[in-house]
Amino acid sequence: MAGHSKWATTHRHKAVVDAKRGAVFTKLGNMIAIAARAGTDPAMNPSLAMVLEKARQANMPNDNIKRAIARAAEKNANELIEETYEAYGPSGIGIIIEVATDNRNRTFPEVKAALTKNGGRIAESGSVAFQFKRQGVIEIEGNFDEIFMTASEVSGVLDVQDAGENLAIVYTESKDLMKTRAELIEKGLEVKNAELQYVPQSMIEMDEDAKAKAERLLDAIDDLDDVTAVHTNASL
């Protein structure tokens, strides 16, 4: 399996403590409203359970979470749509952009503009996606050797990688994410985050100048209100 792209992990952890907290809650609110359309009980709706965990990791207030779930019954929540765009960045890196929007005629031009202004471009559908695989990604805090020994015995675990800074990444098939997460917690591991991601199957190495350009591009995309997740095969 490819190495883990640290940009998404580092960026998410930074985002919840910086001045953009309100924008993060708006994104999470849209994700909760979409997930809750399949059922408002997280015990019966794994997609909602995953987003709620992400919201709690971001210290999203309970009142905000309740309002977002309540939106599932509202017309404006039903008008929210999920779309995925593919793009290229500096050094030919692949980028997959997930959005939740009530107006694709607003969102797509915004994403395209952010790409164009920062050295990227929209790609044809399928031209980037084949470089990624949709998988469960679980972040666990602690000693890597101990995590590896424990996680290796849990059913559903495909791979365990050291992400540095006392963080390990466990990969699962998408369908096994919530079950594996529960088993890891039962084993006493400290799960910090669990979600579905587009995992790169190989990484693109870049020099420091290209890395700086790629990070500016990824940040510009992620700052857009309708963007809920950004995935890349850039080795940053």
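These questions and answers concern a sheet and some salt bridges in a predicted model.

Reader: What makes β5 and β7 the edges of the open sheet?
Author: The sheet has four strands in the order β5-β6-β4-β7, with antiparallel pairing. β5 (157–164) and β7 (190–200) each have a single partner strand, so one side of each is left without a neighbour in the sheet.

Reader: How do you know that β5 and β6 pair?
Author: Two strands pair if there are at least two bridges between them. β5 and β6 (residues 167–173) have six, in the antiparallel sense. In β6, Thr172 is the bridge partner of Val157.

Reader: Why is the contact of Asp226 with Arg106 called a salt bridge?
Author: The cut-off is 4 Å between a side-chain nitrogen of Lys or Arg and a carboxyl oxygen of Asp or Glu. The closest N and O atoms of Asp226 and Arg106 are 2.8 Å apart, so the pair counts as a salt bridge. Asp226 lies in the loop between α9 (208–222) and β8 (227–232), and Arg106 in helix α6 (residues 104–117), 120 residues apart.

Reader: What makes Glu183 and Lys179 a salt bridge?
Author: Their closest N and O atoms are 3.9 Å apart, which is within 4 Å, so the pair counts. Both lie in helix α8 (residues 177–186), four residues apart, about one turn of the helix.

Key: Residues numbered from 1 in each chain as written. Predicted model: local features only at pLDDT ≥ 70, side-chain atom pairs only at ≥ 80, totals over all residues. Heavy atoms only, no water. Helix = DSSP H or I, 4+ residues; strand = E, 2+ residues; numbered from the N terminus.
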